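Reader: I'd like to go through this one before setting anything up. Can you take my questions as they come?

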Amino acid sequence: MGKDTGFLEIERRERDYLDPKERLNNYREFVVQPDDATLSSQAARCMDCGIPYCHNGCPVNNMIPDWNHLVYEDDWKNALAVLHSTNNFPEFTGRICPAPCEASCTLNIVDQPVTIKSIECAIVDRGWKEGWIEPQVPAKKTGKSVAVIGSGPAGMACAQQLARAGHTVTLFEKSDRVGGLLRYGIPDFKMEKQLINRRCVQMEAEGVEFKTSKEVGVDVSFKSLDENFDAIVLAGGSEDARQLAIPGAEMNGVRLAMEFLTQQNKRNAGDEELRAAPRGSLLATGKDVVVIGGGDTGSDCVGTSNRQGAKSVTQLEIMPKPPEKEDKALTWPNWPLKMRTSSSHEEGVDRDWAVLTKRVVGDGEKVTGLECARVEWVPDEDGRGQMREIVGSEFTLPADLILLAMGFVGPKKAGLLDQAAVELTERGNVSANEQDYATSVDKVYACGDMRRGQSLVVWAIREGRQCAASVDEALMGASSLPR
């Protein structure tokens, strides 16, 4: 462990943020990392528990006590090696993962978990700064070829692992740049995109070939991949967004969150204004914005709207307001349901819970408001919560722009999945188990959100790594890749 009595002597200290007045003027990251001495003392708080629940809380099973101890001993290079042994891209997870590992930390029983996420991020950032992160080029090639479809975190992790095993890997991405939702769904102020570019350079040196602006099922037929590759991995994500099925939702002022976030990320990348976009350029400047959906994507819309200069921002959630604190005896070490306030919320937003949207108000083209009603959740005869509208609770919010951040219902079927003809689950995801990730079609595998449904970046990396090991074993008879 770090320091025997560290958890008794040292208080938790998180990363700081730049002042909102400063950070709202740009789209750069605004987290202020503690100095090395502070990080060392924070790592010293790790108890190295007899049963380290943080391992189970982390989907990639990071060896957290090990690298905490190494940071405490100022052995950052070995800490990086341990970190990379389970996670291909800790600079991604160290920025945008919600850190279920910290919820599982034994010290979280008293609301003082080890600052695992910030230490993880500091380790990998130090590794890049010191030049310790280099391409891992395989000693020899296997002669086998693999097509990976989708360059989000699952596809990137899978492709990198397979390339390191010596296979010839081609990564197909329908967008103009690599990264999937990391690139176009996560705002730059949470994760700057040079982090993805840097990994792409590493992966290219390891042998991965990127083919961008190539949508399989549209620009490239699935049949051509089947004929030219020894294995195919479906890692296209879960992109079929849940729609708003109320009167008036067809108006131009009602837009998907991903469309809104993607356009701003493209502006930040230097692309010309998107006047040629299917429904035109999308900005919150000077508008009353209503975000429907209380999750992370909704929070990202809040932060982006404020940076664009919105007149007002309101975020709605249909579920009741969660408690400020969870009941530790009931939830720990599992992920708790409790009130969460993001940095974007702190920058300015009106949040409201248990709200049902009923009708978009407008003239058929321009949106002017959103009619809502309050609901209550009451248990049915089986004890499950059922929504019931409260009579007489109707109200109307002013709205020029309504952003839909209500999650995703599964992968898109047209094109790729129709041509691949793989079996789907009842929920519409690609059917494949967690043992071999094989689909119902020979030599075709699936991982990430396309297989498991909408989930976290850390689950995508885990599935990409495990899928790569299964593909490698199928191609070679055995695999030395870690799962």
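Author: We start with the overall fold and then go residue by residue; note that this is a predicted model.

Reader: Fine. How many helices and strands does the protein have?

Author: There are 20 helices and 18 strands. The radius of gyration is 23 Å and the globule rule gives 23 Å for 483 residues, so the protein is as compact as a globular protein of that length.

Reader: What does the C-alpha trace span along its principal axes?

Author: About 70 × 60 × 55 Å.

Reader: And what share of the residues is buried?

Author: Buried residues are 52% of the 483. The accessible surface of the protein is about 21,500 Å², with 49% of that belonging to carbon and sulfur atoms.

Reader: What about contacts between residues 24 or more positions apart?

Author: They account for 68% of the contacts with a separation of 6 or more.

Reader: Charges next. How many positive and negative side chains are there?

Author: The protein has 57 positive and 72 negative side chains. The centres of the two sets lie 2 Å apart.

Reader: Let's go to single residues. Where does T439 lie?

Author: T439 is in the loop between α18, residues 416-420, and β18, residues 444-446.

Reader: Is T439 buried or exposed?

Author: Buried. Its relative accessibility is 11%, and the cut-off for buried is under 20%, so T439 falls on that side.

Reader: Which backbone atoms does the side chain of T439 reach?

Author: The T439 side chain reaches the backbone nitrogen of V441 at 3.2 Å. A polar atom of that side chain also lies 2.8 Å from the backbone oxygen of V444.

Reader: What does T439 touch, apart from residues up to four places away in sequence?

Author: T439 touches V422, V430, S431, A432, V444, Y445 and A446.

Reader: Which other residue has a positive phi without being glycine?

Author: D48 is one, with phi near 50°. D48 sits in the loop between α3 (36-43) and α4 (53-57). It is partly exposed, with a relative accessible area of 40%.

Reader: Peptide bonds, then. Where is there a cis one?

Author: Between W332 and P333, where omega is about 5°. Most peptide bonds are trans. P333 is in the loop between α16 (328-331) and α17 (343-346).

Reader: Change of topic: helix α15. What can you say about G298?

Author: G298 lies in α15, which covers residues 296-308. At 0% relative accessibility, G298 counts as buried. Setting aside residues up to four places away in sequence, G298 touches V291, G293, Q315 and A405.

Reader: Moving on to T115. Where is it?

Author: T115 is in the loop between α8 (100-104) and α9 (116-130). At 0% relative accessibility, T115 counts as buried. Residues up to four places away aside, T115 touches R12, R13, E14, Q42 and E102.

Reader: How far is the C-alpha of T115 from that of R15?

Author: The separation is 8.7 Å, and the two are 100 residues apart along the chain.

How values were computed
Residues numbered from 1 in each chain as written. Predicted model: local features only at pLDDT ≥ 70, side-chain atom pairs only at ≥ 80, totals over all residues. Heavy atoms only, no water. Helix = DSSP H or I, 4+ residues; strand = E, 2+ residues; numbered from the N terminus. Rg over C-alpha atoms; globule rule 2.2 N^0.38 Å. Buried < 20%, exposed > 50% of the residue type's maximum accessible area, 1.4 Å probe, protein only. Contact = heavy atoms within 4.5 Å. Areas by Shrake-Rupley, 256 points an atom, 1.4 Å probe, with all protein chains shown as cover. Lys, Arg positive; Asp, Glu negative; His and termini not counted. Charge placed at Lys NZ, Arg CZ, Asp CG, Glu CD. Polar contact = N/O pair within 3.5 Å; in protein donor to acceptor, adjacent residues only side chain to side chain.
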